[in-house]
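Dear colleague,

Please find below the structure that I am handing over to you. My notes on it follow directly after.

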Amino acid sequence: MIESEPATTGCRSCGVVAYSHGRRDVLLIDVPCFGRPVLLVWRKRTWRCHESRCPVGSWTEWHEGLARPRALLTTRACWWAISQTRREHASVSGVDRQLGATSKTVWGSIEPLLQAMADDETRFEKVVALGVDEHIWHHVSAKPIEAGGRGPKELTGTVDLTRDQQGRLRARLLDLVPGRTGAAYADWLTARGEAFRSGVKVAALDPFQGYKTAIDDHLQDAVAALDAFHMVKLGTAAVDECRRRVQQETLDHRGSKSDPLYRIQKLKRPRFSAVPMRVTALGWGLRSGLARTRLG
Ligand SMILES: [Zn+2]
């Protein structure tokens with residue numbers, strides 16, 4: 001049970017000293033404690049203006065830092081829920097359970113905060129190395145969200161691969177937009193503006209011509225670089241193809257358990273995965289955050 005410190009308050013309209021109008025209990029879901037959901041009872045002060053010509057009448061106290069008006073969760077519980085899903089790999093239902101709230105309550109509380117972060121374009125500042133890759137969001141119907149579905153399956157994701165002054169990779173997800181096409185990436189780059197595009201010096205991508213075309217058209221100053229994950233994938237595929245071809249040419253049948261070329265197929269893979277480290281040493285200077293995301 002909480003309440004604010006007693007203090008003199010003026011009417012927000014006419015400024016005349018307000019009179020207490022009693023208390024009103026408001027329930028707020030707070031950050032869980034000792035593995036249990038926590039419910040705060042906020043004994044809110046209500047005030048009344050006694051100035052006869054003032055239109056205000058009575059009102060209830062309000063503290064932005066504690067909870068937004070009409071909120072069901074405290075502001076710190078909202079940020080706790082966001083951080084659980086973003087940094088601790090918590091499931092949405094797990095967060096709901098820990099807070100002792102329904103999914104609708106939690107989502108309704110955190111969505112305005114997430115929206116404000118998505119609308120904040122300062123994250124696009126000082127991006128020098130930019131990564132792009134497709135992302136499959138789900139494997140069910142692409143029925144629109146407005147119609148109760150999950151919306152588009154395929155998305156194009158962009159990642160900030162810039163290094164800070166200590167050489168640490170930022171590896172921050174910048175955006176996800178619907179579509180897995182060059183046009184989706186080109187439109188996103190166009191929307192970022194000239195200042196953003198001219199700042200990008202390295203553009204990493206998966207081996208997809210659509211993205212390459214978008215980079216050629218919109219990031220003329222940047223060096224296009226294939227990301228490490230796809231380099232290893234393509235290299236492994238090339239060696240596998242060669243192994244199968246030699247198998248066919250020399251023994252005239254598909255590899256089976258007794259064939260030496262079949263037996264070494266797994267042996268080569270771990271050796272080949274050493275390639276990206278050498279690539280970095282050679283000065284590509286780009287250990288792809290996208291690759292780490294996919295492998296991780
Ligand atoms: Zn007043």
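With 5 C-beta neighbours inside 10 Å, Phe-34 counts as exposed; a residue is called exposed if 12 or fewer other C-beta atoms lie within 10 Å of its own, buried if there are 20 or more, and partly exposed in between, with C-beta atoms placed from the backbone. Phe-34 is not a glycine, yet has a positive phi of about 50°. This residue is located in the loop between β1 and β2.

Two remarks on conventions are in order. The model is a predicted one, in which local features need pLDDT of at least 70 and side-chain atom pairs count only at pLDDT 80 or more, while totals for chains, interfaces and linings use all residues. Residues are numbered from 1 along each chain as its sequence is written.

Overall composition

The protein has 11 helices and eight strands; these are DSSP runs numbered from the N terminus, with helices being H or I of at least four residues and strands being E of at least two. Of the 296 residues in the protein, 19% are buried. Among the contacts with a separation of 6 or more, 55% are between residues 24 or more positions apart; a contact requires that the C-beta atoms of two residues, placed from the backbone, lie within 7 Å.

The three-stranded sheet

β1, β2 and β3 form an open sheet in that order, with antiparallel pairing; two strands pair if DSSP finds at least two bridges between them. β1 (19-33) and β3 (58-60) each have a single partner strand and stand at the edges, so one side of each is left without a neighbour in the sheet. From one strand to the next, the twist averages 20°; angles run from 0 to 180 degrees between N-to-C directions, and axes are lines fitted to C-alpha atoms, for helices over the stretch in contact. The antiparallel pairing of β1 with β2 (residues 36-48) extends over 11 bridges. Within β2, Trp-47 stands opposite Ser-20.

The helix pair α1 and α2

Helix α1 (residues 75-87) and helix α2 (residues 92-99) have axes that come within 10 Å and cross at roughly 145°. Their crossing is right-handed, a crossing being right-handed if the near helix is turned clockwise from the far one by less than a right angle, and left-handed if anticlockwise. On the α1 side, Ala-77, Ala-81, Gln-84 and Thr-85 meet Val-92, Val-95 and Leu-99 of α2. By class, this contact of α1 with α2 comprises five nonpolar, two polar and no charged residues; Ala, Val, Leu, Ile, Met, Phe, Trp, Tyr, Cys and Pro count as nonpolar, Asp, Glu, Lys and Arg as charged, and the others, Gly among them, as polar. The loop between α1 and α2 holds His-89. Phi of His-89 is near 60°, a positive value in a residue other than glycine. His-89 is exposed, with 8 other C-beta atoms within 10 Å.

The five-stranded sheet

A further open sheet has five strands in the order β6-β5-β4-β7-β8, with mixed pairing. Its edge strands, β6 (172-178) and β8 (223-226), each pair on one side only. On average, neighbouring strands of this sheet are turned by 25° against each other, direction ignored. β5 (residues 154-160) and β6 pair in the antiparallel sense over six bridges, and Arg-172 in β6 is the bridge partner of Asp-160. β4 and β7 run parallel and are joined by three bridges; Leu-130 stands opposite Ala-203 in β7. β7 and β8 also run parallel, with four bridges between them, and Val-202 has Val-223 in β8 as its bridge partner. Helix α6 lies across β4, β7 and β8, and runs at about 170° to β7.

The nonpolar cores

The largest nonpolar core has 19 residues, and Leu-130, Ala-203 and Ile-215 are those with the most contacts inside it; such a core is a set of buried Ala, Val, Leu, Ile, Met, Phe, Trp, Tyr and Cys residues joined through C-beta atoms within 7 Å. At least two residues of this core come from each of β4 (129-136), α4 (182-192), β7 (202-205) and α6 (209-218). Another core, of 10 residues, lies apart from it and includes Ile-29, Leu-73, Ala-77 and Leu-99. Leaving aside residues up to four places away in sequence, Leu-130 touches Thr-158, Asp-160, Leu-161, Val-200 and Ala-203.

With kind regards
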